[in-house]
Amino acid sequence: MSVRNGLLALLAESPKYGFQLKKEFEDATGALWPLNVGQVYTTLNRLVRDGQVVTDSGHGADPATNVGDEGQKRYRITEAGRDELRDWFGTARPRLAPERDEVVIKIAMSLRDRTIDTLGIIADQRRSTTETLQRFTRARSRGEPDDLGRRIALDAVVASISAELHWLDQAEELLTASTESHHAAGARPAQPPTRRRNR
Amino acid sequence: MNHTTRNAVPPSAAPPALELHGVRRTFHDGRGERVALDDITLTVRAGELVALTGPSGSGKSTLLHVSAGLDQADTGTIAVHGTHLHALDNAGLAQLRRRSVGFVEQHLNLLAALSAAENVALPLELDGRSAREAKVEAVAALELVGLAAFADAFPDALSGGEQQRVAIARALVGGRSLLLADEPTGALDSRTGEAVMALLRARCDAGAAAVVATHNPAHAGWADRVVFLADGVIVDATSPPPADDDLSDLFVEVER
């Protein structure tokens with residue numbers, strides 16, 4: 001839905017060409033989610049089918065934007081399209097459960113096999129995720145300071161990566177505490193003591 | 001590191017800003033010996049921002065304190081710009097701290113009776129500089145942190161973030177080139193904390209070196225390298241981001 005509504009929002013400003021929509025979509029969100037051209041046209045075709053967008057023949061370039069050659073299709077939003085866009089802006093999106101998270105599944109599965117070093121998996125993941133965080137933080141600091149859309153999009157990425165790191169710390173604490181209480185109860189530790197791994 | 005190329009000197013020619021080798025520090029309390037740092041080896045070069053992270057009690061503060069000569073290691077060597085701390089007497093150590101090492105505590109310790117500029121000028125005056133000269137340098141340091149207009153303000157008239165920036169200016173004043181900061185964003189809201197990290201990043205990009213202890217992953221993300229401590233040991237460290245990073249390997253095509 002994000003591409004569909006994003007394109008409607010761009011078309012609400014003025015009629016536009018497909019490749020122009022691709023570029024404007026990416027620019028508006030800090031180039032964080034690259035669109036391929038095929039995806040743009042597939043979505044536009046659905047919007048046309050649903051009566052939210054119409055094409056005009058686009059003879060010659062729009063003097064305001066100076067893009068497009070003769071014969072290229074230009075897209076224009078309809079009243080039905082504006083209604084859908086108003087609904088989108090006017091309705092909170094329910095926060096759904098996250099998509100299947102491979103790291104969560106990997107850690108949960110590793111707990112079932114005592115020969116697997118879960119704390120080591122957590123440590124490796126923390127390093128890798130922190131490296132990604134460093135890269136996004138650097139990209140964010142190098143953008144145009146006035147590009148608010150880009151800044152907000154990259155803040156969202158940084159916040160969600162930070163959340164994974166908080167969660168990895170929690171998982172490590174939980175596992176360490178559980179291992180220690182097993183140990184205190186006289187059971188064999190569920191995990192080998194691997195926290196002191198010098199690299 | 002690409003940061004060091006901004007200095008005329010190639011990285012191999014200048015000694016590292018900070019070099020710890022095999023550092024161990026133990027504390028004794030009523031119940032016996034506690035190992036705060038064990039066999040710590042770490043090199044920080046000019047231009048580098050290093051974040052120290054790890055649980056409370058993992059040794060982050062102790063590592064910073066021994067690096068500044070505020071605390072002594074039991075064994076191992078610590079060198080600041082090639083000068084071994086153990087070769088210095090107390091006076092020499094104090095001089096090295098005043099001239100080369102800026103330390104930012106979590107609690108800022110600004111003197112309430114002194115203006116922002118007087119707080120920042122203090123280490124220079126203690127180093128024997130004239131009051132006038134110290135004031136000029138203090139205002140320059142406040143300018144680096146965007147607070148030149150507040151030079152004559154007293155700490156209680158400044159916001160938490162502004163006070164933190166004064167503390168950073170005091171750590172930077174006189175061209176000190178190694179910044180050690182212990183949870184410098186701990187008392188700040190997230191936006192001000194980010195601004196403090198951006199400032200430290202900018203000082204490193206301009207040729208300083210910094211080691212920052214933080215428990216906030218988003219703040220550690222500003223670093224060139226993140227070093228993970230647990231129970232006084234360096235258990236892991238990240239690699240610096242690649243040069244000319246376009247992030248393209250981090251995006252997956254999602255069919256929607």
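In strand β8 of chain B, B:Val211 stands opposite B:Val50. This is a predicted model, in which local features need pLDDT of at least 70 and side-chain atom pairs count only at pLDDT 80 or more, while totals for chains, interfaces and linings use all residues. Residues are numbered from 1 along each chain as its sequence is written, and chains are lettered from A and ligands numbered from 1 in the order in which they are written.

Strand β8 (residues 209-213) of chain B is largely enclosed by the rest of the structure, because five of its five residues are buried. A residue is buried if 20 or more other C-beta atoms lie within 10 Å of its own, exposed if 12 or fewer, and partly exposed in between, with C-beta atoms placed from the backbone. In a regular strand the side chains alternate between the two faces of the sheet. In β8(B), B:Ala209, B:Val211 and B:Ala213 point one way and B:Ala210 and B:Val212 the other, and all are buried.

Chain B as a whole has seven helices and ten strands, where helices (H or I, at least four residues) and strands (E, at least two) are DSSP runs numbered from the N terminus. Its radius of gyration is 19 Å, close to the 18 Å that the globule rule gives for 256 residues, so chain B is as compact as a globular protein of that length. The radius is taken over C-alpha atoms, and the rule is 2.2 Å times the number of residues to the power 0.38. Of the 256 residues in chain B, 45% are buried.

Chain A has seven helices and three strands, arranged along the sequence as α-β-α-α-β-β-α-α-α-α. Buried residues make up 24% of its 199 residues.

Note on methods:
Two strands pair if DSSP finds at least two bridges between them.
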